[in-house]
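These are my notebook entries on what I looked up in this structure. The entries follow the order in which I consulted the model.

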Amino acid sequence: KYISSTSDTVVSSEIIPEEVLDSECPYPDLMDSLIQAFQSLSQRYQGRLQSLKEQLEKTDKFCGWCPDDHQQFQFTVSMYTHDIPNYRALCMDMLLRQFPDRTRLELVSFFFYLKNMAETDRDATSSFFLYCLNLIICTY
């Protein structure tokens, strides 16, 4: 905990980098201002993080895709291997034809979500979180 020198406000030191707390500043008001800025930033981002977590909890296993569409998507993507010239463009063209109700952004995001799942050893939850986070960020 840190107690501000100009006020009796107690600030949690977990949200403030050690470099700021350990720095020697000849101006106590400046130090307090820096600490308040970090606290304000932390509160805003904690609120945003909580909002993202709530949105993620509302999202189903396939991020709004029904299991049949998910399976069809995976099958279509598996038909276009890396050895085919321009395979991503061909695959995306086919996906756009098969899923006319989906936007290009949704298809690309889901493509990279599945690719990430296949290429990394990360657990499904973190990869799912990254996919949904990408969708949320791209919609703002």
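This is a predicted model: local features need pLDDT of at least 70, side-chain atom pairs count only at pLDDT 80 or more; totals for chains, interfaces and linings use all residues.

A disulfide is a covalent bond between the sulfur atoms of two cysteines. I then looked up the accessibility of two cysteines. C66 has 35% relative accessibility and therefore counts as partly exposed, since that value lies between the cut-offs of 20% and 50%.

**Helix α3.** I next checked the length of helix α3, which covers residues 67-79. At 1.5 Å a residue, its 13 residues should span 18 Å; the end C-alpha atoms are 19 Å apart, which agrees.

Which residues of α3 are buried? I listed H70, F73 and T76. These residues cover an arc of only 130° around the axis, so they lie on the same side of α3. I noted the general rule that an α-helix has 3.6 residues a turn, so residues three or four places apart point the same way. On the face of α3 turned away from the buried side, I found the exposed residues P67, D68, Q71 and F75.

**Confidence.** I recorded a mean pLDDT of 75 for the protein, with 67% of its residues at 70 or more. Over residues 1-10 the pLDDT is below 50. Beyond near neighbours in sequence, this stretch has 19 contacts in the model.

Technical notes:
Residues are numbered from 1 along each chain as its sequence is written. Side-chain values use heavy atoms; hydrogens and water are left out. Buried means under 20% relative accessible area, exposed over 50%, partly exposed in between (1.4 Å probe, protein chains only). Helices (H or I, at least four residues) and strands (E, at least two) are DSSP runs, numbered from the N terminus. The expected span of a helix is 1.5 Å times one less than its number of residues. The arc is that of the directions from the helix axis to the C-beta atoms. pLDDT is the predictor's confidence in each residue, from 0 to 100. Contact means heavy atoms within 4.5 Å.
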